[in-house]
Amino acid sequence: MSHVSFVPQRSEDMRALGKAAAATRAATRMRSPVNWALLGLVIERPSYGYDLAQRFEQAYGDVLPISGVSHIYAALHALKSRSLIEELPTADVPQVEVGRRPTPHYRATVLGARAYRESLIAQRREDDRRCRLFARQLAVFYREPDAALDVLARYEQACLQEATEMPTNSAGSA
């Protein structure tokens with residue numbers, strides 16, 4: 001039985017594959033949680049900068065504080081430079097007042113959606129690492145089980161308290 005696979009026949013195909021792979025690697029190296037959260041909002045609903053800033057503040061303001069709206073515009077620039085988002089063509093943008101320049105609206109690219117999914121998986125791996133670290137730190141109390149149980153009980157209470165303070169609507173709801 002022969003194995004069939006895609007083998008690029010032309011140098012343009014090779015360059016295109018190389019660029020796509022490089023773009024994916026560059027996107028996944030992005031470290032800013034603000035950028036990743038903003039990309040999620042763009043994936044959820046394409047929009048313009050100021051609207052995204054308002055949605056960001058509502059969805060993430062308590063866990064990812066930003067210095068102001070300019071932080072969102074800087075993040076949009078970073079996402080666009082990594083080809084994770086793109087500006088919508090002017091014809092696809094809702095009309096504004098006559099005489100006003102249309103505000104750029106952004107949507108996620110295929111690469112952006114793929115990179116976002118990968119970032120969520122990487123986040124799960126980081127959460128797993130933090131859990132292992134917590135368990136190893138808790139092991140300090142192996143000779144004092146009551147102290148370990150006290151830490152666990154207080155940790156549980158802190159988690160429950162945080163859960164009761166979380167908004168009940170989805171992260172991107174208006």
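Leaving aside its neighbours within four places in sequence, which residues is Ile-72 in contact with?

**View 1. The surroundings of Ile-72 in this predicted model.** Setting aside neighbours within four places in sequence, Ile-72 is in contact with Leu-38, Gly-49, Leu-52, Ala-53, Phe-56 and Ile-66. Two of these partners, Leu-38 and Phe-56, will turn up again in the next view, together with Ile-72.

**View 2. The largest nonpolar core.** Here we step back to a core of 25 residues, in which Leu-38, Phe-56 and Ile-72 have the most contacts. At least two core residues come from each of α2 (33–44), α3 (49–60), α4 (69–81) and α5 (110–138). The biggest contribution is that of α2, with 7 residues. As general background, nonpolar side chains in soluble globular proteins tend to be buried together.

**View 3. Helix α4 and its buried side.** Now follow α4 along its 13 residues: from first C-alpha to last it reaches 19 Å, close to the 18 Å expected at 1.5 Å a residue. Its buried residues are Ile-72, Ala-75, Leu-76, Ala-78 and Leu-79. They lie on the same side of α4 because they cover an arc of only 160 degrees around the axis. In an α-helix there are 3.6 residues a turn, so residues three or four places apart point the same way.

**View 4. What covers α4, and what lies on its other face.** Among the elements covering the buried residues of α4 are α2, α3, β2 (85–87) and β3 (105–108).

**View 5. Ser-83, following α4.** After α4 comes Ser-83, which has a positive phi, near 65 degrees.

Note on methods
Residues numbered from 1 in each chain as written. Predicted model: local features only at pLDDT ≥ 70, side-chain atom pairs only at ≥ 80, totals over all residues. Heavy atoms only, no water. Core = buried A, V, L, I, M, F, W, Y, C linked by side-chain atoms within 4.5 Å. Buried < 20%, exposed > 50% of the residue type's maximum accessible area, 1.4 Å probe, protein only. Helix = DSSP H or I, 4+ residues; strand = E, 2+ residues; numbered from the N terminus. Contact = heavy atoms within 4.5 Å. Expected span 1.5 Å × (residues − 1). Arc of directions from axis to C-beta.
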